[in-house]
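Let's take a walk through this model together, beginning with the whole chain and then moving in on a few of its parts. Have the structure open as you read.

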Amino acid sequence: MPRDQNSEVDALANLGSSIEDNELDSGTVVQLIRSVVEEGHAEINSMSLTWDWRNKHIEYLKTGKLPSDPKESRALRTKAAQFTLTEDGTLFKRMFDGPLAICLGPGDTEYVLREVHEGTCENHSGAESLVQKVIRAGYYCIDMEKDVKEFVRKCDECQKHAPMIH
């Protein structure tokens, strides 16, 4: 095939070579959504998808596929009993003393924490009470305690009005 008729592949190769190895972590998948090739101009729209903790649970609940490592497969089967999957692909965690909680991904966690912490009431509660409020609101994340502590530590208002320890 002549080079001038192969501009879409050239644009995809340029996209792949423009990303540095240290910029791309092992859990990132780049998926080509749409490409527009015009005369002398190629434009590629891509979306970056990350492999997060929910994917292995969703894959197991949909297809029953287990990892090849026996320890990992046993752990996944045990943990997956706490989760349920809806028809539209939303993952929920069965909470011990409450309703089903929506499982949050990396992009959703920051938004939910900000809404509960700085939302309508804007009470700027501490890390332990914020975890309980998020769970009562019906959300769950695998590293919730760690994420909440880091979020509260970065909150400017909480740092301004925190008691000063001498």
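Of the 166 residues in the protein chain, 23% are buried. Keep in mind that this is a predicted model. The accessible surface of the chain comes to about 12400 Å², and carbon and sulfur atoms account for 51% of that area. You will find seven helices and six strands here, and along the sequence they follow the pattern α-β-β-α-α-β-β-β-α-α-β-α-α. Among contacts with a separation of 6 or more, 38% join residues 24 or more positions apart.

Now turn to helix H3, which spans residues 70-80. Its buried residues are Ser73, Leu76 and Ala80. Viewed down the axis of H3, these residues fall within an arc of 65°, so they line one face of the helix. The spacing makes sense, because an α-helix has 3.6 residues a turn and residues three or four places apart point the same way. What lies over the buried residues of H3 includes helix H2 (53-63) and strand S3 (83-85). On the face turned away from that buried side, you can pick out the exposed residues Pro70, Lys71, Arg74 and Thr78.

Next, follow the strands. S4 (residues 91-94) and S5 (residues 100-103) pair in the antiparallel sense over three bridges, and the two form a hairpin with five residues between them.

Conventions. Residues numbered from 1 in each chain as written. Predicted model: local features only at pLDDT ≥ 70, side-chain atom pairs only at ≥ 80, totals over all residues. Heavy atoms only, no water. Buried < 20%, exposed > 50% of the residue type's maximum accessible area, 1.4 Å probe, protein only. Helix = DSSP H or I, 4+ residues; strand = E, 2+ residues; numbered from the N terminus. Arc of directions from axis to C-beta. Contact = heavy atoms within 4.5 Å. Areas by Shrake-Rupley, 256 points an atom, 1.4 Å probe, with all protein chains shown as cover. Pairing = 2+ DSSP bridges.
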